[in-house]
Structure formats: structure tokens, C-alpha cells
Amino acid sequence: MAEEMDVLLERGQAAFDARDYEQAGSLFKEVLDAEPGDSEARLGYVRCLNEQGDSDAVKALLEPTQDEIEDGRLLAELARAYYADERFEDSVAVFATASGKAPDDGHIRANHGFALWQKGDHTQALDTLKEALPLVQDDALLSANMGQIYLQLGMWNEAVSSIERYLIDFPNDLRLRTVLAFALDKAGWREEAETVLDEVLTIDPEHAEAKAQLAALGEGAEEAESPGPGAPDVETPVVGGEFGLGIPDAPSPIDSLDLGGISAFGGSAPADSTVGLPDFGAITVVDDTDPAKQAAEDLLTRVTEILDESDVPAGIAYLESERGTSDHPAEVLNLLGKLLTEDDDYEGALEAFREAIEVDPFHAQAQSNLGVLLWQMGEFEEATETLRQAIELDTEDMDGRINLALICHQVGLYEDAVPLYTQYLDQFPENTEIRMELATCFVELEEMDAAIREVDTVLLLEPDNEAAQKRMDELSAGTT
């Protein structure tokens, strides 16, 4: 009898690996009926139910004995069922318990990270996913999921690395190749992006997305922080028992993902929100007592004249000539860093901003610009710390303050974002876009009265604001 059950288990696993989940489920169920205590049959059967989308059956089987389950893999299947039902708070809690019972299982830990992401805990999600990566280094689908999360956060270099890892196993996934090209361009590697798109068009000369991106690159049409023509759709991570189940001739796993659930600001911002990633503010001098004020204004005037007559490289050349001779080198370096950024020379800009701060540690604007650039390059922790220093140095710097607010908002640090938005609105009370973002933070913090108050203010300022009216209707109905 035992040998017969072992044969059925082997056949069930073979069917599961071949993605014949109905057949696999029948075989696992046959073993389970004969031997109700067989843990592998139970796990296999539940996994088949999840793969077939029957989360209700999974919950019916596992919830009654949830507190008694010691197998982290089995608990993870219950968490998957909650995830499928969009019960992300329950999913996070059960994945956390499952990961504690199976700490070396990288797939469970990664699924925990994706559930955290969907719940809106973006910082903790990234930390958890980074912990999972060493345990599942060869998992292609996990790398693709991570790449698309990094895309949402504007962490272009990390997105490139993750998507490239995926494409090693699935080189024919042309859609992800176009996503890679987009990330490469955003990371400052435009020639490499063009090469990738040329490769896609060599394989499929009619690939519309690759054509659109290549045309946009050629025309210089893409703005630094706003996806232009050919920008890829950003997708939502899938949660599964195993990520790397694809067989060589099967379609890329990414094709089956439903990835529309994560918005740029944690899932609750209006779809037509116009507030984007942080940007460099105008180069201004806010301290009238600063002895470098006149030098900065003179530099701005001269560079503006050059840009009116010529191009950005000419302005860069002028500032380079002033770099070693100016009495106020921090002002030169700060402006140089901004022009280098506009010229897509991120490494040169980084060096210029850092040197400006080294020359003048109290140069708030250089600190703020450095923080934004670090964010664009995917250095989240250093970016936030640098921006915090900038607004400490200059309490009137609203550009730095709103940049930091947007970053905190985007990664789910809502409690940090709220006072920054509020301080900004004290200075610019009629900025309805920022007021809507503040309302979204209040929703995430479950402070509905405060959210309604902000949206109501937007409608007082702009009675015809359709997005605000829609948001007010949702809040009034209690559906956020």
C-alpha cells in the first residue's frame, strides 16, 4: 500500500511540474483520501487548488487548523489564497509566520515581500525582497517581478540588473526586452537602450513598442521623469509556490501576470494624478544675506544667455572654465551638476554636486539636487537622508521639501510624507495636485475625515475638478 501511494505521489508531482494541475490534484487527493496524514499529498493538493484559482477551497481546508500547522510551505499556500482574494493584510501576517517556520525558503520570503508591497509597506517590502534574493538567485520570474517594482520606484539601475537576470533564462521575451531598454535609457545608458531595441526589431521588425521607443530615443522626446511614447506598462508581482516553473518551450511566465494593481503611490492615488517623481527645482538663491548671491545670479544670467544662443554642452563648457577660477565654486558646481544631469551625464553630475557640498557643506540647494539625483540613480536611503539634510539647512526650500514628500509617499512612508506636504501647502495653499496627494496619504493612514477635508478644499478651489469629485464620491461612500 505504501509503495502504491509513493507511486501516486511521484505521478502527481510529475503532473504538477508539467502544469497539469487538474490531473495532479486528482492524484494528490487520492493519496490524501487513503492517508489523511500524508503532509506531502496535502501540500501538493492545496498547491493545485491555488494554481487553479480555487482560493475558497484552500481556505476551507486550512483555516480550521491554521494555528496547528507547522509546515511553513503549507501556511504559505493559505497566504497565497488570501493574496488572491486581495486580503493583503491577512496575507502578510500568514506569510510572515510561514517564513518564520521555513526561514531558508526564499520563495516564501519573496512572496511575503510581494504581499507587503501590495499592502503598501514598500520600504519593508524591498528589505524583505532583498533578503530573499540570495536564497533564490537563479529564479528568473522573481527577477522580473523585482525589476518591475524597481521601475515603479524609479530605481533604474536595479531595474536593469533584475530584468537582465530574467532575460538570461528567457531571451525571447521581447516585451521584457523593451522594458529593459526603457530602464537603460532612464539609467543614462541611451546607446545600450538603442542596441537592445535594435535587437528586438531584428527578431520582430514590426514590434510596435520597440519602434515607438526607438523613435522617442532618436528624437530625444522622453523627459527625465515622465514616461513618453513607448514607455512600458508596469506590472504587479505574482505570488506563487515556486517562481521558476517554466519549461523551455513554454511561454515566458511574465506573459501570464496580472500586473495592473500597483499605482505609483501605493495603490490609492487617482489614476489621473499629475504629480510625478521628484524633479530638480529652479536654480534660485533664497538667502538674501548670502555673499554668494550676486555670483550665483551672475552665473545664472550668463548660462541662460549661452543656452539661449547655443546648447547644453556649451553651457557645461562655460561652467567647466569657471570651475577652478570662481570665488564661489560651490555655485558653479551646483549649476554645473544641474546641466550635466540635463545632458544625461549622471556620474559627472553626482561628482559636481558632491564637490559643491564638500566646498560648502551648508549649500542646501546642492544637497537637494544631490538627493534627487541619488533617487534617480536608485540610491533610496542616501537620497532621503540627503534631502532631509537639505531641508534642515534651508527651512524655506520648498523644492527639497516636496521632493522628499513625493519620495516618502511613493515608498509608503505616509507618516513622514504628511507633514512635508502640509508644510509645502502652508506656502502654496492653492496647489491642488499636492493637496490630492496629501489626501491619498490620509486614506492610507485611515484618517478619512482629514482626507475628505483635503479633497473638499480642492473642490472649493476647483469646482470642476473631475478627479477630486470622483475621489470625494469614493470617500463619501466609504470605498477608497
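# Briefing: a predicted all-helix chain Asp-344 sits in the loop between helix H16 (329-342) and helix H17 (346-359). The model is predicted, so local features need pLDDT of at least 70 and side-chain atom pairs count only at pLDDT 80 or more, while totals for chains, interfaces and linings use all residues. Residues are numbered from 1 along each chain as its sequence is written, and side-chain values use heavy atoms, with hydrogens and water left out.

**The chain overall**

- The protein chain has 24 helices and zero strands. Helices (H or I, at least four residues) and strands (E, at least two) are DSSP runs, numbered from the N terminus.
- Of the 480 residues in the protein chain, 51% are buried. Buried means under 20% relative accessible area, exposed means over 50%, and partly exposed lies in between (1.4 Å probe, protein chains only).
- Take the contacts between residues at least 6 apart in sequence: 53% of them join residues at least 24 apart. Contact means heavy atoms within 4.5 Å.

**Positive phi in loops**

- Most residues other than glycine have a negative phi.
- Asp-344 is not a glycine, yet its phi is positive, about 65°.
- Asp-344 counts as partly exposed, because its relative accessibility is 35%.
- Glu-446 is also not a glycine, and its phi is positive, near 60°.
- Glu-446 lies in the loop between helix H22 (432-444) and helix H23 (448-461).
- The relative accessibility of Glu-446 is 66%, so Glu-446 counts as exposed.

- H17 has 14 residues, which should span 20 Å at 1.5 Å a residue. Its end C-alpha atoms are 20 Å apart, which agrees. The expected span is 1.5 Å times one less than the number of residues.
- The buried residues in H17 include Tyr-346, Leu-350, Phe-353 and Ile-357.
- Cover for the buried residues of H17 includes helix H11 (174-186), H16 and H18.
- Helix H18 (residues 364-376) has 13 residues and should span 18 Å. Its end C-alpha atoms are 19 Å apart, which agrees.
- H18 is mostly covered, with 13 of its 13 residues buried.
- Gly-378 follows H18 and has a positive phi, near 90°.

**Helix pair H3 and H4**

- Helix H3 (residues 39-51) and helix H4 (residues 55-62) cross at roughly 150°, and their axes come within 7 Å. Axes are lines fitted to C-alpha atoms, for helices over the stretch in contact, and angles run from 0 to 180 degrees between N-to-C directions.
- H3 is therefore roughly antiparallel to H4. Angles under 35 degrees count as roughly parallel, over 145 as roughly antiparallel, 65 to 115 as roughly perpendicular and the rest as oblique.
- The crossing of H3 and H4 is left-handed. That term applies if the near helix is turned anticlockwise from the far one by less than a right angle; clockwise is right-handed.
- H3 brings Arg-42, Tyr-45, Val-46, Leu-49 and Asn-50 to the contact. H4 brings Ser-55, Ala-57, Val-58, Leu-61 and Leu-62.
- By class, this contact of H3 with H4 has seven nonpolar, two polar and one charged residues. Ala, Val, Leu, Ile, Met, Phe, Trp, Tyr, Cys and Pro count as nonpolar, Asp, Glu, Lys and Arg as charged, and the others, Gly among them, as polar.

**Helix pair H20 and H21**

- Helix H20 (residues 398-410) and helix H21 (residues 414-427) pack at about 150°, with axes 8 Å apart.
- H20 and H21 are therefore roughly antiparallel to each other.
- H20 and H21 cross in a left-handed way.
- Residues making the contact include Met-398, Ile-402 and Leu-406 of H20, and Tyr-414, Leu-420 and Tyr-424 of H21.
- By class, the contact of H20 with H21 has eleven nonpolar, three polar and two charged residues.

**Links across the sequence**

- Tyr-21 lies in helix H2 (residues 21-34). Tyr-21 counts as buried, because its relative accessibility is 12%.
- Tyr-21 and Cys-48 are 27 residues apart in sequence, but their C-alpha atoms are 5.3 Å apart.
- Leu-135 is in the loop between helix H8 (122-132) and helix H9 (140-153). Its relative accessible area is 41%, so Leu-135 is partly exposed.
- Leu-135 and Gly-106 are 29 residues apart along the chain, with 4.8 Å between their C-alpha atoms.
- Leaving out residues up to four places away in sequence, Leu-135 touches Pro-103, Asp-104, Asp-105, Gly-106 and Arg-109.
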